Amino acid sequence: MDRFDGRCWLDWWANSSTLLGSVEVAIVIAAVTGGWEADGRLVSESDEDREAFAFLCELDPVFTLRFEDESVVAVTVHPTDGHRCFSLTEYTGPRQRSVVNRMALPDWLDSSFTAR
């Protein structure tokens, strides 16, 4: 196979048993010397889906690319066009990675606030 052109899903796993998000994508994968190249776009055009995808990409750009036959490959997503389009590269790093996410608190929430 020199080329795949179809729909798949990009799945974002929080851990080995928790799928935090999944987005359907249209993707083109082409064989090139020494590997492959892949470009795609979100199938959904809703701002909500794009924002959720953007959030996950910023949290950690490593997703599982899942095909209709349930075969999978770990990929790194490189977003373009405001997270509507992307390119993919194969992820070859460690299976488990730590992710750090920092959240900016609103100004009205100061250090004197105590959760009960």
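Helices (H or I, at least four residues) and strands (E, at least two) are DSSP runs, numbered from the N terminus. This is a predicted model, where local features need pLDDT of at least 70 and side-chain atom pairs count only at pLDDT 80 or more, while totals for chains, interfaces and linings use all residues. Residues are numbered from 1 along each chain as its sequence is written, and side-chain values use heavy atoms, with hydrogens and water left out.

**View A. Glu-51 on its helix.** Glu-51 sits in helix H1. Buried or exposed, or in between? With 49% relative accessibility, Glu-51 counts as partly exposed, because that class falls between buried (under 20% relative accessible area) and exposed (over 50%), using a 1.4 Å probe and protein chains only. His-83 is 32 residues away from Glu-51 in sequence, yet their C-alpha atoms are 7.9 Å apart in space.

**View B. The barrel.** Six strands close up in the order E1-E2-E3-E6-E5-E4, with antiparallel pairing; two strands pair if DSSP finds at least two bridges between them. Zooming in, E2 (residues 18-32) and E3 (residues 35-42) share eight bridges in the antiparallel sense, and Ala-31 stands opposite Trp-36 in E3.

**View C. Around Phe-63.** Skipping neighbours within four places in sequence, Phe-63 is in contact (heavy atoms within 4.5 Å) with residues including Leu-10, Trp-12, Phe-53, Leu-56 and Val-75.

**View D. How confident is the model?** The chain averages a pLDDT of 87, and 81% of the residues score at least 70; pLDDT is the predictor's confidence in each residue, from 0 to 100.
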